[in-house]
Amino acid sequence: MKGALILPEASAYASEVDWLLGALAVVSALVLALVFGLEFYYIARYRHSNDADRGGVMRKTWGIETGWTAATLVAFFGLFVWGADLYVRLQQPPVGNDVMRISVIGKQWMWKVEYPGGQHEINALHVPVGRTILLLLTSEDVIHDAAIPAFRIRHDVLPGRYESIWFKATEAGTYNLFCDQLCGTDHAAMIGTVTVMTPGDYTRWLAANPASEGLAEQGKRLFVSYGCSGCHSVGAFGGGGTVRAPPLAGVYGHPVPLSNGTVVVADDQYLRDSILMPGRQVVASYEDKMPSFAGIVSEEDLIRLVAFIKSLGAGDGT
Ligand code: CUA
């Protein structure tokens, strides 16, 4: 039964989350019933006007105490282990080529969605059923929180950080995307829809909403227009100015040695930070020469630039 009051279970983990919450509610209710039941029983039994036997109060009841403590310990620790395990699985972004990465940018007061194919939407997210979707979340201004109750997922959306959540939708339909963090005047209106489509419908939707160029191609254009190509070589494309800058081909996802002796993996966050705060993590054997692009490159353009750098793959780096 799926009435308006019953939230649909539309993702792979939704029913397990519901079972966990149900188990927690049942165990808590049993404890509550036992404690309050005994309380009311003794209130009635030992009320002033009742002449029940009041002797033997000093008798030790080790068995009852140990049993009661052990039973609740096992029950609640079991729920904790189950919950922690589920939480870790929900928080670990899946990896693999079949994972579809979609960027979601929170902004007062809307959700901006960027697809790898270059399409973009406001307050609408379209995904195919049965596919693992990784949402890369960031904010343009304040803290928001992306919540899709039908999928039982929610995650804070933070300015200056890339956070991710993932899901695998199991049922076609239209679901709500809420902002779960009070973020200003129109917080309550910051609502989008998630449309889950069958793979066939999704292909048709993509065909009906063609983008002139993919995210990486858009990034490539920005790479030239922001002047990045003047210094950074990307294999066959550009580079070779007077300033020596690290080559970018093949850098994505690989370890980068820094001038301070540490090594970082060039993920989305590192590349974003390097564009906005280039002096913070300088690549070993290079000079701190790059100007900051903070306030110049928008969050959308950062996503496009990172998509372009990622698309360079493992080039020869020269
Ligand atoms: Cu964004 Cu509340």
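This report describes a helix pair and a sheet in a predicted model.

**Helix pair**

Helix α1 covers residues 14-45 and helix α2 covers residues 62-91; their axes come within 11 Å and cross at roughly 160 degrees. Angles over 145 degrees count as roughly antiparallel, so α1 is roughly antiparallel to α2. The crossing of the two helices is left-handed.

On the α1 side, the contact is made by Glu16, Val17, Trp19, Leu20, Ala23, Leu24, Val27, Ser28, Val31, Leu34 and Val35. On the α2 side, Trp68, Thr72, Ala75, Phe76, Leu79, Trp82, Gly83, Leu86, Arg89 and Leu90 take part. Sorted by class, the contact of α1 with α2 has 16 nonpolar, 3 polar and 2 charged residues.

**Sheet**

An open sheet is formed by 5 strands in the order β4-β10-β9-β6-β7, with mixed pairing. Its edge strands are β4 and β7, each of which pairs on one side only. On average, and with direction ignored, neighbouring strands of this sheet are turned by 20 degrees against each other. Strands of a sheet pair through backbone hydrogen bonds, either parallel or antiparallel.

| β4 | residues 124-128 |

Methods: Residues are numbered from 1 along each chain as its sequence is written. This is a predicted model: local features need pLDDT of at least 70, side-chain atom pairs count only at pLDDT 80 or more; totals for chains, interfaces and linings use all residues. Side-chain values use heavy atoms; hydrogens and water are left out. Axes are lines fitted to C-alpha atoms, for helices over the stretch in contact, and angles run from 0 to 180 degrees between N-to-C directions. Helices (H or I, at least four residues) and strands (E, at least two) are DSSP runs, numbered from the N terminus. Angles under 35 degrees count as roughly parallel, over 145 as roughly antiparallel, 65 to 115 as roughly perpendicular and the rest as oblique. A crossing is left-handed if the near helix is turned anticlockwise from the far one by less than a right angle, and right-handed if clockwise. Contact means heavy atoms within 4.5 Å. Ala, Val, Leu, Ile, Met, Phe, Trp, Tyr, Cys and Pro count as nonpolar, Asp, Glu, Lys and Arg as charged, and the others, Gly among them, as polar. Two strands pair if DSSP finds at least two bridges between them.
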